[in-house]
Amino acid sequence: MLATAPMSNRARILLSIAIASLAAYLYLGISVRELFPRGNGIQIVQQFAAAALGPEANTQNILMALLVTVKYAVAAITLAFALALPLSVIASSSFWSGCGITCHVLRWVVRSFIALMRSVHELLWAVLLLSAMGLSPISAVIAIAIPYAGTLAKVFSDIIDESSLKAENALNSIGASRWQKFFFGRLPQAIPDILSYAFYRFECALRSSAILGFFGFPTLGYYIKLEFDNLNYAKVWAYLYVLLAMVVVVEYYSMQLRRRFVA
Amino acid sequence: MSREQAVEQLWQRRQRSKLVRFTIVLAVIATAWAWMFSDITFADLFTEQRVKNWNRFWTKDAVPDAPNGFGAWLGEQMSAYGYKALFATLAISVVAIFIAGASGLLLSFGAARTIGGLQPSRFSPVTRMICIVLRAIPEYVLAFLLLAIFGATAWPAILALAIHNAGILGRLGGEVVENLPSRPLQSLDALGASRSKLATNAVFPMGIARYLLYFFYRFETCVREATILGMLGVVSLGYYVVEARAHNDYDQMLLLICLGAVLVFVADVISDVARKLLQ
Amino acid sequence: MTDLAIDLQHADLYLDGKQILHDITLQVQHGECIALLGPSGSGKTSLLRMLNGVIGDDLKSAEQRSHIGFVHQDHSLVPNVRVSNNVLMGRLGSLSFWQSLKMQLRPGKKELAAVHAILERVGIADKLFERTDSLSGGEQQRVALARALYQEPQMLLADEPVASLDASRARKIIEVLHATAHEENWTFVVSLHDEALASEFFPRIVRLEGGRIVSDGAYV
C-alpha cells in the first residue's frame, strides 16, 4: 500500500524543508569553505582552547555575578508567573465553556495580547526599555518577565484545557457552579504540570538573565564579554564553567522535583 | 480516642515530600530576597528622570519622522532595510534548524538507551552527556564566541543556533526512539538486522513524524532567537536594531522590533500548520 | 399523587439526533429504592443522566441538582488532591464560591470529623489525607460514594457504583448505601449488573433493553 500511495504529508514536508534550506543557504551567500577558519581565527581557537584547562577565577566577582544572575531570574520568573496565572485562565477555552460571543471576543483579545508579549524576544524588550527609561535592574527584570509571562500563559492555558473533563462533569451533576467546576474540578489537575513547566522556564530565565549582561547589567554575560574583549580567555572559561554548572545543577534539581510531583 | 483526635493524628501522619517542602521554602526565601532585599524595585520606574525619559521616548523619539505620511515612511523603511532584515533572519534560522535537525537525528540514535526494548547502547550515556553540554550554553554566548573565530558572516549565528538546538533535538529524538512500539522492531531484530539497518529501515520511518513535531516546535524558537543574534554584528534583524539605536533613530528601532514580532508570529503559524499536517 | 420523586410519562430521549430512550414511563415514590438492570448499552446510564437533569427535555437547574447525588461509573474524582478534598466537594452545590474555596483550602474541624465518619462507613477512614490517585481503583470508588453520602441529597443516583469491586466488597457497599438511603429517607436509584445483589436488596427492579423498559416490579 505504501508504495502505491501518493506522496504523504510527511514526505512533502521533508521535501519542503530541504528546498527551503537550500534557498536560504543561497540567499545568505555563504559558503561551507568559510567554516574552516584561517589566520587570525585559528590563533584565537588555539589560544581559547588552550585556556579551557586552566580557568582563572576571581572568586568574589564570580560569586557576585552569579548572585545577580539568579536574582534577576528569580524576580523575573515570579513576576511572569503572577501575570501568567490570571491571563492563562482567561485565555483557556474551558473557563468560558457555555458562555456567549462576548466571552469569545474577550478570550481572543487576551490570546492576541499573549502572542504579542512572547513574539518579541527578551533582549528586544531590554533594548526597548533601556532606550525608553535607561539602565535599571527593574528594566532587566521586566524585559525578561514580559515574554516569559506570554509563554507561561499560553502553555498554562493549554495545560488547563487538556486536563480531564470527568471530575468537572461529576461536579456538574451535583449542582456545582461554573466557577466551582473550573476552580475545584479542573484547575487542581493542571497544577503539577503548571508548576513543573514554570520551573523549567526558571532554567531558561537564568540563561536569559546571564545574557542580559551583554547590555551592561552586572550578570555573568557582562563578565564573559568583558574578559573576552580583553583577551583573558582563562577568565572567560571560569565564567563559562559557572554558567554551565548553574544550568546543569538546576536542570538536575528540576528533574528530581518533577519525579516527585508529576505522578 | 475522639474523632477529632483521630483526624488530627491522620493529619500528622499525612504523606509529605521533603524535596517539595524544601523547594517551597527555598522559593519563598528567594522571592523575598529578590523583591524585598535587593536593588530591584518598582519605585525605580517612577523616578522623575525615568518618567521624563519615558514621556520623551513615546512622544518624540519613537514617533516616525514622516512628512509624507506614515504609509510612505513605512515603504521607504521597508525597502531600505526592512525586507533585508526579515529575509536574512528567516534564512539564518532555516539553515540553522536544518543543520540542527540533521545532527539531532544522528544524536537521537545514539542517545536512545534502547531501541524497541532491545540492543541497549553503550554510547548512550556519552551521547546524552554531549546533548546536555550542547544545549547548556545559551545561543547568544555561543554566537559571541564563534564570531571571534569566523568573523562577521552569518555562520556564527547559524552555528550557535544549530549547536544549541541539535542538543535539544538529540535528547527529544532519543526519547522518540525509546518510545517506539517494540513489536515490529523486535521481529526485525530476530531476522538479524544490524543496528544501522534497524535505524534506516525501521526507526527512521516510524519515528520521523514525531521527530518533525519537535523539529517545528524548535523552528519557532529558532526564529525568535535569530532575531536577536544580529545584535552581535551579524546581519539579522538585531543588527539593524542596534544600528538604529546607535544613531538615535528610535522610530526605526521600534519598527524593527515590531517586524521581529511579526516574523516570530509568522513562524508560529508555519510551524502550527506543519504540525497539523503531521498529525 | 403529587409527592412522587420521579414521574416520567412516555419520555423519549434523543442525543445527537439518535433516539436513545423510547417511551419511558417510570414513577418512583419519595424514599423508595429501586435497581435498574439490563445489558450494557440498554440505556441505564442515559436514563440516570436524564433523571439527574443534565440531558433531555427536562433540564434541572444547579440548585435542583444540588439535592441529587450522583455516583458515576468511573469514579470521576480529582486525582491529585487529598481524599478529604474530594469528599468535601460533595457540598459544592449548597455553598457560595468563597465558602467553597475556604472549605477546600482550610476545612474546619467539624467538617473533617463529618468526612471521617463517612469514610469510616465505607471502610477507608485511614485514607482521609492521602492523595486520591495513590488509592486502588476500588478505594477510589468508595471515595466517590463518600462524596455522595456527604452531600446528603434527597435523591441518590448511582451508575454501576460497584462494578470495579469484588463481590464481597460490592455487597458491603450496596448494603451501606441502601441502609443510609433508608435511614435518611432518600430516594435511591442504582443501576447494577449483578442480579443476585439487586434481588437481595431491592424489592423493585426495573429492566431495560434497547432503550425501553421491559419489566418493572419484584425480582423474578
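In chain C, strand 3 (residues 33–37) and strand 7 (residues 204–209) run parallel and are joined by four bridges. The model is a predicted one, and the points below are grouped by topic.

**The sheet of chain C**

- The open sheet in chain C is formed by six strands, which follow one another in the order 4-5-6-3-7-8 with mixed pairing.
- The edges of the sheet are taken by strand 4 (68–71) and strand 8 (212–217) of chain C, and because each of these has a single partner strand, one side of each is left without a neighbour in the sheet.
- From one strand to the next, the twist averages 15°.

**Helices on the sheet of chain C**

- Helix 1 (residues 44–52) of chain C packs on the sheet and touches strand 3, strand 4, strand 5 (155–159), strand 6 (187–191) and strand 7 of chain C, while its direction makes about 155° with that of strand 5 of chain C.
- Helix 6 (residues 137–151) of chain C lies across strand 4 and strand 5 of chain C, and runs at about 175° to strand 4 of chain C.

**A helix pair in chain A**

- Helix 4 (residues 101–119) and helix 6 (residues 137–162) of chain A have axes that come within 7 Å and cross at roughly 135°, which means that helix 4 of chain A is oblique to helix 6 of chain A.
- The crossing in which helix 4 of chain A passes helix 6 of chain A is left-handed.
- Helix 4 of chain A contributes I114(A), M117(A) and R118(A) to the contact, and helix 6 of chain A contributes I146(A), P147(A), A149(A), G150(A), T151(A), A153(A) and K154(A).
- Sorted by class, the residues in this contact of helix 4 with helix 6 of chain A are six nonpolar, two polar and two charged.

**The contact of chain B with chain A**

- This contact takes 57 residues from chain B and 52 residues from chain A.
- Several helices of chain B each supply at least two residues of the side that touches chain A, among them helix 2 (18–36), helix 4 (70–111), helix 9 (195–229) and helix 11 (250–278).
- Helix 11 of chain B provides the largest share of that side, with 10 residues.
- On the side of chain B that touches chain A, the residues divide into 43 nonpolar, nine polar and five charged.

Technical notes. Residues numbered from 1 in each chain as written. Chains lettered and ligands numbered in written order. Predicted model: local features only at pLDDT ≥ 70, side-chain atom pairs only at ≥ 80, totals over all residues. Axes fitted to C-alpha atoms, helices over the stretch in contact; angles between N-to-C directions. Parallel < 35°, antiparallel > 145°, perpendicular 65-115°, else oblique. Left-handed = near helix turned anticlockwise from the far one by under 90°. Contact = placed C-beta atoms within 7 Å. Nonpolar A, V, L, I, M, F, W, Y, C, P; charged D, E, K, R; others polar. Pairing = 2+ DSSP bridges.
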